[in-house]
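Me: I would like to learn how to read a few features of a protein model. Can we go through them one at a time?

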Amino acid sequence: MNEDFDLSTSLGLAGAMARVLAAIGDRIQADNSTSPLVTAVTSHLGCELLDVVVVEETYRGWEHAGLYRAIEAYLPEGSAWSGIFGPDRSYGELIDMLVSAWQDGKHRLGRPEYLAVPIGPDETMQVVRLGLVPAYAPDGTPVIIGTKQELGNEGVPIRSILNVLSASQEAAAATRDAIALLRWELDAMRGQVLSFGHSENYNNELVSFLPRPATAAAEVILPDGLLETIEAHVVGIGEQAERLLAAGQHLKRGVLLHGPPGTGKTHTVRYLLGKMPGATAILLTGPAMRYLDFVVALARRLQPAIVVIEDVDLIAEDRSFSDASPLLFALLDAMDGLATDADVTFVLTTNRAEVLEQALAARPGRVDLAVEIPLPDAAGRERLLRLYGRNLRIDADLAPVIAGTEGVTASYIKELMRRVVLAALRTEQHPRALNDAHFAAVLDEMREQQLTRTILGGRPAAAARPGHATLGPACD
């Protein structure tokens, strides 16, 4: 030990230093007690900052537009937002920023921070990302409403936070509840087509607004009567919702579209979405199926709604084939748990109906209509050829083409027509018609490309089966 070291002297110096720091802290706190930010809050609430109660509600990041709409609808006309300037605004809590302004002056009154968020396929709106605004609870008690959206990697929203500050916990809670009710009514997602996704790189939830498809019935080539059966079950029940409920009947329904890849299941779904312009449509596939519970809750809130789960066999494989996925039970519970008056439709698609869990169809109200979307027959193939060649005149005998495409899918015929047009463009800059030579060359080319034929759905003729719809069990 150093012989010159004096413990009592060192303790005395430490004590003196502590007193100096405490005095500085008291001075900083006293100076910031008149902070414009703190004063703006406490003067409106009529209490000291230490007496402020905070009620908080957390939402998913992409719900911020609906939250902001609700706050704006709650506020009296002419309300003015303020902002907070200082460090750690993206992650710090609002009350912590106010305490910081009071204690050390690191946060100061500023302008609100705005952000553009999507509210449709081609529409955005400006919202306050971080700000606070004076208001009053339903009973007239002064409150401060604050909102903050936290952004993660690449600017992807993580969560949105509503804070209500007041001297009264009851007043703050009542304000929060009133805003929540308005958010249900003014949700920006209502009536939209939404696609849920997931970023594996950044573990972020992704939501996209999609244009509502406008697919005409003439563009959906199915065996006679099949599209009408599907439409009556999905769209027709919604159109008769009030009468059905008055008659004591439930509205929830489940439809399974199954068949080989490329036969038109997704195309049929697009047609249904176009026939339900006022319905909220939510599309789930792949990793996004992890959000199933939330999606069902959202559909229930924004009904009438249609939930589309593509490749449902990924989560609903029969338990005799493999261990059951937790999402299978989530799906079964979700379809069972809807109230009888819930106008929510589940549309499931699969290329492998034979492996589906039988419990999906074991109880009414899950899958009550199963429809096979088959390979196109001869009449269907001719309709497809004319559909995909509708922008040019066809001066060719289609009989050999129809015969030469037996057992193929609609996707195969679509690619065939694209190549026929390319063949015509090679001989004429502006082809006026498609002739026999164009078709013959492409048919020979695609027959030789076995991999292309397999990928696009070329199959032996024996694979073609007539379409049918069944009530009850989802599988044959």
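Me: The charged end of which residue sits over the ring of F294?

Reply: A charge sits over a ring if NZ of Lys or CZ of Arg is within 6 Å of the ring centre and within 35 degrees of the ring normal. Here the residue is R60, with its charged end 4.1 Å from the centre of the F294 ring. Likewise, the charged end of R301 sits over the ring of W184, at 5.8 Å from the centre.

Me: What kind of model is this, and how are residues numbered?

Reply: The model is predicted: local features need pLDDT of at least 70, side-chain atom pairs count only at pLDDT 80 or more, and totals for chains, interfaces and linings use all residues. Numbering starts from 1 along each chain as its sequence is written, and side-chain values use heavy atoms, without hydrogens and water.

Me: How many aromatic pairs does the structure hold?

Reply: Rings of Phe, Tyr and Trp (its six-membered ring) pair if their centres lie within 6.5 Å; planes under 30 degrees apart are stacked, over 60 edge-to-face, and the rest tilted. The structure holds 4 such pairs. One of them joins W62 and F294: the centres are 5.1 Å apart and the planes at 65°, so the pair is edge-to-face. F196 and F294 make a tilted pair, 6.4 Å centre to centre with 55° between the planes. W62, F196 and F294 form one aromatic cluster.

Me: Are W62 and F294 buried or exposed?

Reply: Buried means under 20% relative accessible area, exposed over 50%, partly exposed in between (1.4 Å probe, protein chains only). Both W62 and F294 are buried, and F196 is buried too.
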